[in-house]
Amino acid sequence: MKRISFIVCLVVSLVTVPVGAISKEQAAAIIDHCVAIKDDLRDVQRADARARVYIGGKYEMILNGFVKPLNLYLVERNISRTDLVESQSLISETRGEFVNDYVDYQQGLEQLVSMDCKEDAEQFYDKLVRVRKKRSKVDQDMKKMDTVLNEYKVRVLKMKEGLDARKE
Amino acid sequence: MREKNKKKIEKGARNLVVLGVLSTVVALTTTGVALAIYHNSGDIYLDRSRPGFLPDEEEIQQDEGEREDDDYVFQKDTVLDTEKMDEFLEKLQEEIDAINAYEKPFGEEVLSDERLGIPTTESAAGKNE
């Protein structure tokens, strides 16, 4: 019984305790600079939209202009390259994560911008901390994609070396 | 006869009103559903034609410049030799470099306390002491 009540208390405290602790100075700064903070956040939204369209377009371009056509070429000629097929699904999967995490982050940012920071600075800061975590997830997706793309390049290079060896 | 015509006109007018109301309800419902899909799918965050999200002049010029260089697509009907592979790898590297040239697009400092003018937890604690 004690154990159950301990677990219930733990869950309740985890749900209700705000993510970011806030001092009086921080709360005062949020209330004082509420309009400026919101303007900054709107600027971030605009810059993010530009970055998302550009980078998303590049990912799409790599997938549809390089990875998929090369794999299709190899399949049509019965050349087995399981490593390149694996790369294709990894790139596709990482792109999907990037797209979903970006939407999740933007929804959070949108809610943050629409919040009244003068009314409840603590809740606003709490939401800001959560939005930061979501943004860092998008950043991690980009880092993962960079690793996956570099790995893909190494695999293609290996295939090229195989062609060179066959030529000799 | 007159009475019959009057009834017919009244009925027609009522039907016209019902038709108008129904069309409005259908239009509002379909628009609402479309907007909900537009928002929930995340397409709204990619739509740069929204007020306040329009690309600036410098960006438009940059895009036009990029459009002039044709996008590379690996041709399936080519013979795959080392030259073709070299071209493939070179173009792939160009795309990767273009992504890396966009410096930390989702870096954490943009939403940091310092950037937003909020005193950091440490500095606030220091003041309190």
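So, contacts in chain A: among those with a separation of 6 or more, 79% join residues 24 or more positions apart. By contact I mean two residues whose C-beta atoms, placed from the backbone, lie within 7 Å. Before I go on, this is a predicted model, where local features need pLDDT of at least 70, side-chain atom pairs count only at pLDDT 80 or more, and totals for chains, interfaces and linings use all residues. Residues are numbered from 1 along each chain as its sequence is written, while chains are lettered from A and ligands numbered from 1 in the order in which they are written.

Okay, secondary structure. Chain A has 5 helices and 0 strands, and from the N terminus its elements go α-α-α-α-α. Chain B also comes to 5 helices and 0 strands. Those are DSSP runs numbered from the N terminus, with helices being H or I of at least four residues and strands being E of at least two.

On to where the chains meet. 48 residues of chain A contact 39 residues of chain B. On the chain A side, helix 2 (24–32), helix 3 (34–76), helix 4 (82–114) and helix 5 (121–167) each put in at least two residues. Helix 3 of chain A gives the largest share, 22 residues. By class, that side of chain A has 28 nonpolar residues (Ala, Val, Leu, Ile, Met, Phe, Trp, Tyr, Cys and Pro), 14 charged (Asp, Glu, Lys and Arg) and 6 polar (the others, Gly among them).

The largest nonpolar core has 38 residues, and Ile30(A) and Phe66(A) have the most contacts inside it. A nonpolar core is a set of buried Ala, Val, Leu, Ile, Met, Phe, Trp, Tyr and Cys residues joined through C-beta atoms within 7 Å. Helix 2, helix 3, helix 4 and helix 5 of chain A, together with helix 3 (82–101) of chain B, each supply at least two residues of this core. Helix 5 of chain A brings the largest share, 11 residues.

And what does Ile30(A) touch? Leaving out residues up to four places away in sequence, Ile30(A) touches Ile37(A), Cys117(A), Ala121(A), Phe124(A), Tyr125(A) and, over in chain B, Ile118(B).

Methods
A residue is buried if 20 or more other C-beta atoms lie within 10 Å of its own, exposed if 12 or fewer, and partly exposed in between; C-beta atoms are placed from the backbone.
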